[in-house]
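This report describes the secondary structure and backbone geometry of the chain shown below.

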Amino acid sequence: MKLGTYTTFDCPTEHEEEAYKFLCEEFEKIGGKVIRVGNSHDFGDYPSFEIDYPEEIKEAMDSLDLGSDFDDSSDDLQGKVDDWHEKANEVERAYNEKFMEWL
């Protein structure tokens, strides 16, 4: 099973295709990628949506992890990462409201 570099979203038991399309469209807007994965379980297979960071954000995070001295460019990179996370959190909130109302 491949895990997303950003996170994993549970898949609804109903409206799976609509949920997948929604996530793909919303994450495309912010550069993320959605991968539908089948997971094995004792009670049968179930899908999940694995979310990957955009390359630009992964590279920014790697640069921030490697750098011990922060400067103006570090602030810019951190700002980009924070901005992307805010947008991704909004996508997740909208997704949960639309498809995961049973939670």
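Across which strands does helix H1 lie?

## Basis

The model is predicted; local features need pLDDT of at least 70, side-chain atom pairs count only at pLDDT 80 or more, and totals for chains, interfaces and linings use all residues. Residues are numbered from 1 along each chain as its sequence is written, and side-chain values use heavy atoms, with hydrogens and water left out.

## Helix and sheet

Helix H1 (residues 16-30) lies across E1, E2 and E3 and runs at about 150° to E2. Helices (H or I, at least four residues) and strands (E, at least two) are DSSP runs, numbered from the N terminus. Axes are lines fitted to C-alpha atoms, for helices over the stretch in contact (heavy atoms within 4.5 Å), and angles run from 0 to 180 degrees between N-to-C directions.

The three strands form an open sheet in the order E1-E3-E2, with antiparallel pairing. At its edges are E1 (7-10) and E2 (33-39), each of which pairs on one side only. On average, neighbouring strands of this sheet are turned by 30° against each other, direction ignored.

## Pairing of E2 and E3

Seven bridges join E2 to E3 (residues 46-52) in the antiparallel sense; two strands pair if DSSP finds at least two bridges between them. Val 37 has Ser 48 of E3 as its bridge partner, and Val 34 has Ile 51, also in E3.

## Loops and positive phi

Most residues other than glycine have a negative phi. His 15, in the loop between E1 and H1, is not a glycine but has a positive phi of about 65°. The hairpin of E2 and E3 has six residues between the strands, and Gly 44 there takes a positive phi near 120°.
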